[in-house]
Amino acid sequence: MWVTGHLQQNTGFFTQGLRKLANHYVFLVETAKRNELLEKEIDEAKQKLIQLQEVESTNRRWASLLEFKNSLSVKTVPGQVIAHDISSDFIGIRIDRGRKDGVAVGMGVVHPAGVVGTVYRVTDEFADVLTLADPASNIDAVIQRSRARGIISGESKSLHCKLKYMDRLEDVSQDDAVVSTSFGGVFPSGLLIGYVSEISSTSNGILQNISVKTAVDIYRIEEVLVVISSNQPSKNNT
Amino acid sequence: MLYLQTNQAKTIRSFNPIIMIGLFLVLLLVRTTTFWIAPSVFSNWDLLLPFMVYYGQRRPLFEGLLLWFVLAHLYTLQSVAPVGVFIIYYLLIFVVSRLISEAFFANSGMSILGLMTVLVGLSRIILPLVAGAFNSGWGLWSWNNLHPGILSMNIVLGWLCYLGLGVIDQLTFKGPREILDLGEGIA
């Protein structure tokens with residue numbers, strides 16, 4: 001018994017060693033397979049996380065848009081940007097709202113960050129928006145601080161706008177906020193358009209050359225609100 | 001090499017304009033809807049330019065004008081540019097390309113690259129002039145119009161597109177217009 005006991009003890013040590021060897025080296029194939037499976041699961045989890053983050057981001061944007069919509073005193077229709085202008089020389093966007101939603105040519109389009117532009121062309125289901133950054137766009141605006149009035153117009157291939165027809169005697173400073181007016185009933189008054197980024201004037205000119213950095217990044221917005229005029233009630237003012 | 005009977009080749013050839021318009025529609029959708037993911041430099045790609053240069057060089061006048069009208073109209077509907085700007089702009093590109101083809105027919109890789117370089121350069125002068133005529137408020141002589149990066153990108157993409165259109169013509173048994181003018185098929 002003494003002999004066999006010691007032998008069994010050592011054999012046990014030996015078999016334990018063998019088992020460890022098998023687990024760590026021989027059966028490593030199983031571990032590798034399990035590892036691959038876990039890696040796959042991690043990838044899937046990461047993918048799901050990204051999708052959830054995207055959903056969260058979309059929810060946050062829509063919540064912000066809803067909050068903004070409720071803060072406005074005019075009727076609006078929310079819309080999603082579905083395409084951009086095919087030419088980089090003209091700055092327009094297409095939204096998924098049209099005539100059947102109460103949208104009409106000339107209506108204002110806004111975003112929580114500020115003014116976007118006006119409706120340029122409309123079909124039953126879609127509308128093209130001429131953004132304020134397009135050279136053909138003309139939007140009535142005032143300097144919020146001094147109430148000096150001018151017209152905001154785009155510049156080609158740039159997200160900076162010009163504030164036109166501003167007399168050289170008017171009080172305008174760098175970083176002044178430029179806001180919309182209610183002139184024509186296109187936009188609610190006081191919506192942010194942008195900030196004065198550059199001011200210059202020629203010695204013999206009567207006007208100032210004012211450059212305005214738009215508050216809205218036209219190339220990044222995904223949702224907008226179309227301002228429905230009071231005399232054109234929206235059918236779908238959700 | 002696939003050998004087909006004359007009428008089979010003719011049938012396939014008749015689909016060529018439809019395939020061309022279909023390809024343009026696909027590129028149009030890609031161009032206008034991928035702004036979220038595509039690098040912003042691609043927003044400066046003049047998508048229809050290589051098509052017009054190609055038709056000016058290789059299509060009979062009537063067919064070229066028909067394709068110009070359809071595609072330029074489709075293009076116009078995707079932009080807030082004043083109606084007529086792109087119709088006239090692309091007509092001028094088509095005409096210039098056709099006039100060039102009378103003296104210089106781009107057939108090899110290098111000659112196509114040269115042709116695209118000339119037309120892309122000219123297009124950046126023609127478009128502001130046409131847009132200016134429509135009172136679009138465009139800066140006519142802005143250096144932004146002639147940005148070297150934008151020119152280079154349009155030359156390279158235009159060249160690739162031109163070669164791609166050539167492949168479609170080969171696959172649909174469509175020959176250059178000189179051969180068609182002589183009444184010879186290439187089936």
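A:Tyr165 lies in strand E8 of chain A, residues 160–167, where strands (E, at least two residues) and helices (H or I, at least four) are DSSP runs numbered from the N terminus. This is a predicted model, in which local features need pLDDT of at least 70, side-chain atom pairs count only at pLDDT 80 or more, and totals for chains, interfaces and linings use all residues. Residues are numbered from 1 along each chain as its sequence is written, while chains are lettered from A and ligands numbered from 1 in the order in which they are written.

**Surroundings of A:Tyr165**

- A:Tyr165 is partly exposed because 14 other C-beta atoms lie within 10 Å; a residue with 20 or more such atoms within 10 Å counts as buried, one with 12 or fewer as exposed, and one in between as partly exposed, with C-beta atoms placed from the backbone.
- Leaving aside residues up to four places away in sequence, A:Tyr165 touches A:Gly150, A:Ile151 and A:Leu207, contact being defined as C-beta atoms, placed from the backbone, within 7 Å.
- A:Ile151 is 14 residues from A:Tyr165 in sequence, and their C-alpha atoms are 6.7 Å apart.

**Helix H7 of chain B**

- H7(B), residues 148–171, has 24 residues and spans 35 Å from first to last C-alpha, close to the 34 Å expected at 1.5 Å a residue, an expectation calculated as 1.5 Å times one less than the number of residues.
- Buried residues of H7(B) include B:Ile150, B:Trp159 and B:Asp169, and the buried residues of this helix pack against H2 (16–33), H3 and H6 (109–133) of chain B.
- Just after H7(B), B:Phe173 adopts a positive phi of about 60°.

**Packing of H3 against H7 in chain B**

- H3(B), residues 49–58, packs against H7(B) at an angle of about 50°, with the axes 9 Å apart, the axes being lines fitted to C-alpha atoms over the stretch in contact and the angles running from 0 to 180 degrees between N-to-C directions.
- H3(B) is therefore oblique to H7(B), since angles under 35 degrees count as roughly parallel, over 145 as roughly antiparallel, 65 to 115 as roughly perpendicular and the rest as oblique.
- Among the residues that meet are B:Pro50 and B:Phe51 in H3(B), and B:Cys161 and B:Leu165 in H7(B).

**Contact between the chains**

- In chain B, 22 residues are in contact with 20 residues of chain A.
- H2(B) gives the most to the side of chain B that touches chain A, with four residues.

Technical notes:
Contact = placed C-beta atoms within 7 Å.
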